[in-house]
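Me: Could you walk me through reading aromatic pairs, charges over rings and cavities in a protein model?

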Amino acid sequence: MVTLLVGVGIFQSWNVALQIFNLCLISAIMALGVNIQWGYAGLFNVGIMGFAALGGLSAVLVSAPVITKSWEAGAASVWLGILVTLLGAGLIILIAKRKSRHRIYFISLILAVVYIAAYFLFNPAIGLIEQIDSALLGYIGGWGMPIIFSWMIGGIIAGYFAWLIGNITIGLRSDYLAIATLGIAEILILIIRNEDWLARGVKNVIGLPRPVPYEKDLRSFEWFQSFANALNADTTTFSNIFVKASFSLLFLFVLIGLFILFELALKSPWGRMIRAIRDNEVAASAMGKNVVARKVEIFVLGSFVVGVAGAMLVTLEGQFTPSSYQPIRFTFLIWIMVILGGSGNNWGAVLGGFLIWFVWVESEPIGLWLIDILTIWLREDSSVKIHLMSNAPHMRLLTMGLIMIFTLRFFPKGLIPEAQINTQDSSTTRSTA
């Protein structure tokens with residue numbers, strides 16, 4: 001991977017290489033989150049897109065500037081309505097899990113209270129907020145906090161929604177769980193796209209703050225100019241590279257931290273218990289393990305990681321674009337990363353995240369180059385050549401399909417398969433037992 005990225009830097013540009021590297025880091029973090037769910041516990045979550053979008057939405061709600069006009073129009077009541085709705089949903093889940101014959105009455109009462117509260121809190125304010133300079137604003141705004149805080153908050157919000165969803169869907173069989181999580185993810189995306197008061201809908205939120213300096217600010221610093229002159233580098237180009245490298249350090253710190261924690265968790269008694277539940281639920285339940293609770297736990301943990309990565313992606317792009325959340329990018333590709341790298345192995349998840357994103361980005365220019373070579377004998381105005389060149393971007397889809405077929409045929413357990421316990425080692429056998 002280092003060789004491939006260096007090759008991009010040499011033959012294309014170091015700006016492109018660092019941009020790919022940053023997106024590889026974020027993809028690896030997302031792949032780690034899915035690997036926790038599928039590789040550790042066998043949970044087939046196809047709602048990755050929804051949790052990534054919740055993380056991205058958190059970046060807006062945390063770091064976007066405070067809009068005074070929205071607060072005057074009723075943003076405080078909207079925030080209160082959101083809080084009441086989320087707390088009410090959580091309270092309903094907790095009551096539903098209790099074995100009480102009166103629980104249906106309590107649930108009905110909470111539903112009525114939440115509906116009435118939300119009706120009177122949302123309705124008077126939403127219309128007024130969306131009318132506030134709708135070309136630039138028209139939403140509740142954020143809290144004006146540093147965007148790096150949104151990484152943790154995005155993970156918490158995604159984890160909370162995963163807890164709500166998990167308590168409803170975890171008991172389903174794997175194929176039904178996949179359908180349920182996919183449907184819920186689509187619902188979340190539709191809400192974000194259509195509710196303009198939340199994050200401007202499809203009009204997007206741009207100009208989000210950064211955790212690193214802006215390029216124009218760097219070029220005004222004397223120390224930076226001296227540094228660039230010492231390297232005989234153009235200040236404009238070097239400032240772009242410096243900013244991307246700063247992002248890389250932040251993302252790398254998060255990836256390494258999560259990787260170490262998950263490696264320790266995987267090799268702990270908790271990790272062995274989770275894998276035992278994955279391999280044989282009946283036996284684990286017979287040993288007194290709460291299978292459903294542990295599955296919800298792992299579902300929440302994996303979704304938390306995906307939410308963190310979603311907030312990091314919006315931080316890197318500096319804007320929140322709900323229309324960009326497509327299943328092929330935020331679900332299909334992430335699953336290919338986990339399958340190619342090796343489910344159940346954190347090293348494999350990271351490798352898959354790097355390799356698949358690199359191929360996804362570079363397959364288009366490589367496809368253009370390959371088609372240009374193959375059609376060199378044709379005239380420039382040839383309809384065949386024009387058709388092939390215009391469809392070169394679709395090479396990435398063909399490439400992903402070929403990678404999947406090749407992996408499933410020759411590496412069914414991935415490039416770095418899950419480590420197997422050596423049954424010949426008596427001490428390992430005793431500790432596992």
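Reply: Gladly; we will take those topics in turn. This is a predicted model, where local features need pLDDT of at least 70 and side-chain atom pairs count only at pLDDT 80 or more, while totals for chains, interfaces and linings use all residues. Residues are numbered from 1 along each chain as its sequence is written, and side-chain values use heavy atoms, with hydrogens and water left out.

Me: How many aromatic pairs are there?

Reply: A pair of aromatic rings is described by the distance of the centres and the angle of the planes. Rings of Phe, Tyr and Trp (its six-membered ring) pair if their centres lie within 6.5 Å; planes under 30 degrees apart count as stacked, over 60 as edge-to-face and the rest as tilted. By this rule there are 25 aromatic pairs. Take Trp79 and Trp143: their ring centres are 5.3 Å apart and their planes at 55°, so the pair is tilted. Trp79 belongs to helix 5 (residues 75-97), whereas Trp143 sits in the loop between helix 6 (103-130) and helix 7 (149-169), so the pair links parts of the chain 64 residues apart (helices are DSSP runs of H or I, at least four residues, numbered from the N terminus).

Me: Is Trp79 buried or exposed?

Reply: Buried means under 20% relative accessible area, exposed over 50%, and partly exposed in between (1.4 Å probe, protein chains only). Trp79, at 18% relative accessibility, counts as buried, and Trp143, at 43%, counts as partly exposed.

Me: What kind of pair do Phe224 and Phe238 make?

Reply: Their centres are 5.3 Å apart and their planes at 25°, so this pair is stacked. Phe224 lies in helix 11 (residues 222-230) and Phe238 in helix 12 (residues 235-266). Both Phe224 and Phe238 are buried, and they belong to one aromatic cluster that also includes Phe221, Trp223, Phe227 and Phe242.

Me: Which charge lies over the face of Phe330?

Reply: A charge sits over a ring if NZ of Lys or CZ of Arg is within 6 Å of the ring centre and within 35 degrees of the ring normal. Arg329 lies over Phe330, at 4.7 Å from the ring centre; Arg396 lies over Trp360, also at 4.7 Å.

Me: What lines the largest cavity?

Reply: A cavity is a set of points on a 1 Å grid over the protein atoms alone where a 1.4 Å probe fits but cannot get out, and lining residues have an atom within 4 Å of a point. The structure holds one cavity of 30 Å³ or more. Its lining includes Gly47, Phe51, Ile165 and Leu188, and helix 8 gives the most, with four residues.

Note on methods. Helices (H or I, at least four residues) and strands (E, at least two) are DSSP runs, numbered from the N terminus. On a 1 Å grid over the protein atoms alone, a cavity is a set of points where a 1.4 Å probe fits but cannot get out, and a pocket is an open set with protein on both sides within 12 Å along at least five of seven lines; lining residues have an atom within 4 Å of a point. Grid points are joined across faces, edges and corners, and a volume is the space filled by probe spheres set on the points.
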